[in-house]
Amino acid sequence: MMRGFPTKKVYGQSKLSTCPFCSRSATQKTETGLEVCHRHTNEQLQEIKCTCGRWLEQRAGKYGPYFNCLNCGNLNFGKAMEIKALTSGMAERKRPIP
Ligand SMILES: [Zn+2]
Ligand SMILES: [Zn+2]
């Protein structure tokens, strides 16, 4: 690994999407506006439970899919994926209190 070299590229970041099911680059969209690879166009995201305990509602916006929580408001896709990882991975664990 090279050190001191920026590995994160900022430019073009918003355009580069990855399939949430397999992490390949997303080239297609599902009916709900979710960007996926060509193999997962018929997949649907599992329901995501927000950190507050409510279910998130997936919506398709002008800039791609996002999620809405009745308690917390709108969440961008990346944030929702973080929450999904948190809530699906440790369903019965204590959740971090901000
Ligand atoms: Zn995929
Ligand atoms: Zn919430």
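**View 1. An open, antiparallel sheet of 3 strands runs in the order S3-S4-S5.** In this predicted model, local features need pLDDT of at least 70 and side-chain atom pairs count only at pLDDT 80 or more, whereas totals for chains, interfaces and linings use all residues. Strands are DSSP runs of E with at least two residues, helices are runs of H or I with at least four, both numbered from the N terminus, and two strands pair if DSSP finds at least two bridges between them. Strand S3 (57–61) and strand S5 (73–76) form the edges, each pairing on one side only. S3 and S4 are joined in the antiparallel sense over 5 bridges, and Gly-61 has Gly-64 of S4 as its bridge partner.

**View 2. The largest nonpolar core comprises 9 residues.** Its members are Ile-48, Cys-50, Leu-56, Tyr-66, Phe-67, Cys-69, Phe-77, Ala-80 and Ile-83, a nonpolar core being a set of buried Ala, Val, Leu, Ile, Met, Phe, Trp, Tyr and Cys residues joined through C-beta atoms within 7 Å.

**View 3. Ser-23 has a positive phi of about 70° although it is not a glycine.** Most residues other than glycine have a negative phi. Residues are numbered from 1 along each chain as its sequence is written, with chains lettered from A and ligands numbered from 1 in the order in which they are written.

Key: A residue is buried if 20 or more other C-beta atoms lie within 10 Å of its own, exposed if 12 or fewer, and partly exposed in between; C-beta atoms are placed from the backbone.
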